[in-house]
Amino acid sequence: MQPKTIRAKINGKNIRVPAGLSILDAAKQAQIKIPTLCKHPDLPATAACGLCIVKIKDSKKLLRSCCTTLEEGMDIITHDPEIVEVRKTVLELILSNHPNDCLQCGRSYYCELQKLTADFAIQEELFEKIVKNKTKDTSTKSIVLEPAKCIRCGRCVEVCQQIQDVWALGFLSRGINMRIAPAGDLETANINLAESPCVRCGQCSAHCPTGAIFEYDQTETTWAKLRDENNYCVAQIAPAVRVAIGESFGYPIGTNLTKKLYAVLRRLGFKAVFDTNFGADVTIVEEATEFVQRFAHKKGPLPLITSCCPSWVDFMEKYIHGAIDLFSSCKSPHEMVGALAKTYFAEKNKIDPKRICVVSIMPCTSKKFEIIRSQEMFSSGQQDVDLSLTTRELARMIRQAGIDFKNLPDEEPDHILGDYAGGGTIFGTTGGVMEAALRTAYNMITGENLKNVEIDIVRGLQRVKEGTIDIKGTKVRVAVAHGLGNVRYLMNKVLEAKKNNQEPPYHFIEVMACPGGCVAGGGQPYGVTDDLRIKRAQGLYEDDRDQKVRCCHDNPYIQKLYDEFLGKPLSEKSHHLLHTSYIARKTYLK
Amino acid sequence: MPYKHYILICAGTACESSHAQEIHDNFIKEIKDRQLESDVQVVKTGCFGFCEQGPIVKILPDNAFYVKLKPEDVKEIVDENIIKGRVVQRLLYSPKEDKGRHQMTDVANIDFYQKQFRIVLRNCGIIDPEKIDEYIARDGYKALEKVLFEMSPTQVIDEVSRSGLRGRGGAGFPTGLKWSFTQKTSSDVKYIVCNADEGDPGAYMDRSTLEGDPHSILEAMTIAGYAVGAHKGYIYIRAEYPLAIERLNIAIGQARDYGLLGEKILGSNFDFDIEIRLGAGAFVCGEETALLASVEGERGMPRPRPPFPAVKGLWGKPTVINNVETWANIPVIILKGASWFAKIGTERSKGTKVFALTGKINNSGLIEVPMGTTLREIIFDIGGGIKDGKQFKAAQTGGPSGGVIPAEFLDTPIDYDNLTAIGSMMGSGGMIVMDEDDCIVDITKFYLQFSVDESCGKCAPCRIGGYQLLNLLEKITSGRGEMADLNKLFKISQAMQKASLCGLGQTASNPVLSTMKYFGEEYQEHIQNNKCRARKCAQLLKFEILPEKCVKCGLCAKVCPVGAISGDREKGYVIDQAKCIRCGQCLERCKFKAITRG
């Protein structure tokens, strides 16, 4: 059926747009960007900020364009002196409720409020300053809440409750004292974010228009590690970082900058540069082996559920205890690289593992927590990964160092933990882990590689992807979900079948906590939309296509790793270094 | 065998809080002691409206209207009025200007009731709200019977539409039109909601209606359920109305017992039931979308409209939500007909409006008048004029969302459109009368404080704008105001009106705009002359000692808590204005009237 289109006027210009668009979205088709601080393309309109007001011609009443649907024949005015004046006053009011800390704020330069203030040329403080809620919450060591900087747009609450289904953040109190906080916050029940159900996915920080929710910045700690000459600092970059870092340096969205990242990390002072993609290849070999054992040899429960996303693991440990035995015991790829760096790499290069400092560059805020989440993250005898930085933190370090990123030469990674197959790089997007695992599982079951390794049914931004893969006559039922809010649907089916002792609805499930997967992780450059998710993922799929080796098990360095060090997949050594376990946790720690 | 006397005791919240229960118990006891139970019936009724004069007891058929009763007066009334047939003159109501003549035996002659016309309050003060039979005896549930067996749903909606009834919650949206939206929206489930989250300061008509005539609301909601195809209703009422909740619960129980709620109502094929939901007293939950969120168990914050609840309301289903007073009109409209109703009122505002008349007025209380009654009639005829012979200054309508009406508009016929045109609004019907002793800036600050406290905090213009307005008013009333603040007040007020999400924020600045419009010079006096003509703003007062009256006793210097008064019994005393905190202790204690406040 042809989608219905409607005709309307925006600022006197005739437009034809699909029915159902908000005035705000329709106006973009008339080259008008209506200002807003609360509406985010990912989220339903909350109508909180009051800036996106427009009027219908000859009507006095102003409407919020974010939540008003454009209707046939409407004649909309998006700006006139009155509208601009009201917007400016509202903005001045918002500023009166916001500290003037721009110079000391991590969000400076990327702040939506700051930008709008500049656009409206607000140069004096018209109203008295009211700044309350000064308590900063750094308890998660992943995400920092600074309620004083909050403009109460509600995006974080919306994303935490509706998109992620986590319900760590909510609105507390009312009027001028209204604030975003974990239910029963520091002021009322002394509950901090770490004691709330927060899974540290950082989607709140990625959607926050100001510096009120910000990653726990560890750039200074990293510089200190680099400066200490006793340290042998090594870095690794996650799959999704390579296709997003460019946005901070003026590249087109989705540009793959793997080799410039290797170069820049060396210039920042890292002695060796590895690639988490290599860790992804190891993960796949281990996880595919696990899958084949459970699926083909009936050793262990099905479905097998992927475990490479720490927020997903945290969510499951807090909310879905019935799924604990279904989880793959594999650590996430960067943890594997960390453990191998301090054992395999250290041994081969005769470096004291105590001196090695592993810094992960991740699209993720949750990884900051993952590196200390359990005793198993210290498998090498040291903390396997010492620090985890977000893509945004790395971009800041590059600028602090004054490195001309764009003009750097391409460089190669350090071997034995740096070379990767195509399957490893697509870990950074929803469906990628499943696709890479199926490529390897197919080989393990049939002894040969898939003719066409690209598995389309697990690709794309559809919220839940379900399908069947034919492994020479054997049907494998797979499902992929991204965005924790989409998990319930899958898990309810799984747990229902488990309860009734029925055949499981799926054999293999992949979950990534962030919508779109790691490409749109909580630590990635700001301004994520579905369009951007698609382009970043595209960058990864192109990287996959460009690799000579597409399947993780074919990576010669993986084969070398097993030959020289681990023995075989799921060996005792690999169990010790590369696997972990899970426990049921309370949703609220208090 | 009919009773010889009926003793109607007002059991509204106001009278109950001044010993109506004790009065009731005394009547029961006295009647019992004299073995008159078969001759006299004692009835606890809903509110009589004339709260100024409570506790009120009315005795029929004598039509004796006893006011300001004390429990100890009961014996005399029984002995004299019931037994000897002699009305107790000293306990009767007498109008202010008629002191001591005590002739107002007939209710119809009492000034307070003369210009009133009761539709909504038709049963209040007449029936026992806890007895369904008394409601039925006054044509209760007859309208429901009529719609179920004689009218189609569309006919019901047509009747309501033709009556011209508009929502009494404040905004005045045509009720029939609202119902028709819900009727036309197809859905498996629809809901009826009664908004009983009355919150305007001083307004209590909804509480009184529910306390005095709960069945009228149940009947009306059931009628609406039939008209739009809903089978479930919710009454959202604030938990601070325990008496109303109790009577509603009793009424719902009785209606179910009588087959007037539940399955197959009156043997028809129509099912409808009602549940009560308690609100925790947040003012914003009176806003319909916030109310629905609250019923759903969510945080009570307004949601964007459209979609309107009539199309997408409770749990996303089409929902008719009307205010208590609106509902109370429905059975009468059905029984007496739309054209009867449409004859009452003005061209675009039909029927009556209940006002809670309070402030500096002689007869405060609950009144119901036809739309189009002038403010002068309400204040001077019904309300008996301003207390202590003072000068009328302004009337405030619409509560914190409304504005002030100055003397020049006393003759404006009151209806939705006229009130809006003069910068106020109907609101839910609070009406507070001010005299020359009220400071307009101070009053504005009071309303702003209310809105600021009650803002949910969701949208920036209301959350921050209201708070900034309050800051500015505080500044002005404490003598720190600047002329530039007036412009800021105006600027913020405008932005709040235009950019706030819900009615609370859009109207919260109305008191500022309307008082600045009509009493601008008072603002200027506060700022430029540091003067509050009503002498309300303590920070602007100047206390001075008049040497010609001062006897140099030194008492003022002794009582001053901050040591602002210095001097000795030789030279006399002076007040150091910089130290003075304007507490007024010196003035109060000076026996020689030697201290002035200006």
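Biologist: Which residue is the bridge partner of B:Ala356 in strand 13 of chain B?

Modeller: B:Gly430 is the partner there. Keep in mind that this is a predicted model.

Biologist: Noted. So how do strand 9 and strand 13 of chain B pair, parallel or antiparallel?

Modeller: Parallel, over four bridges. Strand 9 covers residues 352-359 of chain B and strand 13 covers residues 430-435.

Biologist: What sheet do they sit in, and in what order do the strands run?

Modeller: An open sheet of five strands in chain B, ordered 10-9-13-11-12, with mixed pairing.

Biologist: Which strands are at the edges?

Modeller: Strand 10 (365-370) and strand 12 (403-406) of chain B, each of which pairs on one side only. On average, neighbouring strands in this sheet are turned by 30° against each other, ignoring direction.

Biologist: OK, helices now. At what angle do helix 17 and helix 18 of chain B pack?

Modeller: At about 150°, with the axes 9 Å apart. Helix 17 is residues 440-454 and helix 18 is residues 460-477 of chain B. Because angles over 145 degrees count that way, the two helices of chain B are roughly antiparallel.

Biologist: Is the crossing left-handed or right-handed?

Modeller: Left-handed, for helix 17 and helix 18 of chain B.

Biologist: Which residues make the contact?

Modeller: From helix 17 of chain B, they include B:Val441, B:Leu448 and B:Val452. Helix 18 of chain B brings, among them, B:Leu469, B:Leu470 and B:Leu473. By class, the contact has eight nonpolar, five polar and three charged residues.

Biologist: Switching to chain A: what domains is it divided into?

Modeller: Domain 1 is 5-79, domain 2 is 94-215 and domain 3 is 241-578.

Biologist: How far apart are the centres of domain 1 and domain 2 of chain A?

Modeller: 27 Å, taken over C-alpha atoms. Their contact uses ten residues from domain 1 of chain A and twelve residues from domain 2 of chain A. On the domain 1 side, seven are nonpolar, two polar and one charged.

Biologist: And how many residues of chain A are in contact with chain B?

Modeller: 27 residues of chain A, against 27 residues of chain B.

Biologist: Which elements of chain A give two or more residues to that side?

Modeller: Strand 4 (62-64) and helix 2 (81-96) of chain A. Helix 2 of chain A gives the most, with six residues.

Note on methods: Residues numbered from 1 in each chain as written. Chains lettered and ligands numbered in written order. Predicted model: local features only at pLDDT ≥ 70, side-chain atom pairs only at ≥ 80, totals over all residues. Domains from an automatic or database assignment. Contact = placed C-beta atoms within 7 Å. Nonpolar A, V, L, I, M, F, W, Y, C, P; charged D, E, K, R; others polar. Axes fitted to C-alpha atoms, helices over the stretch in contact; angles between N-to-C directions. Parallel < 35°, antiparallel > 145°, perpendicular 65-115°, else oblique. Left-handed = near helix turned anticlockwise from the far one by under 90°. Pairing = 2+ DSSP bridges.
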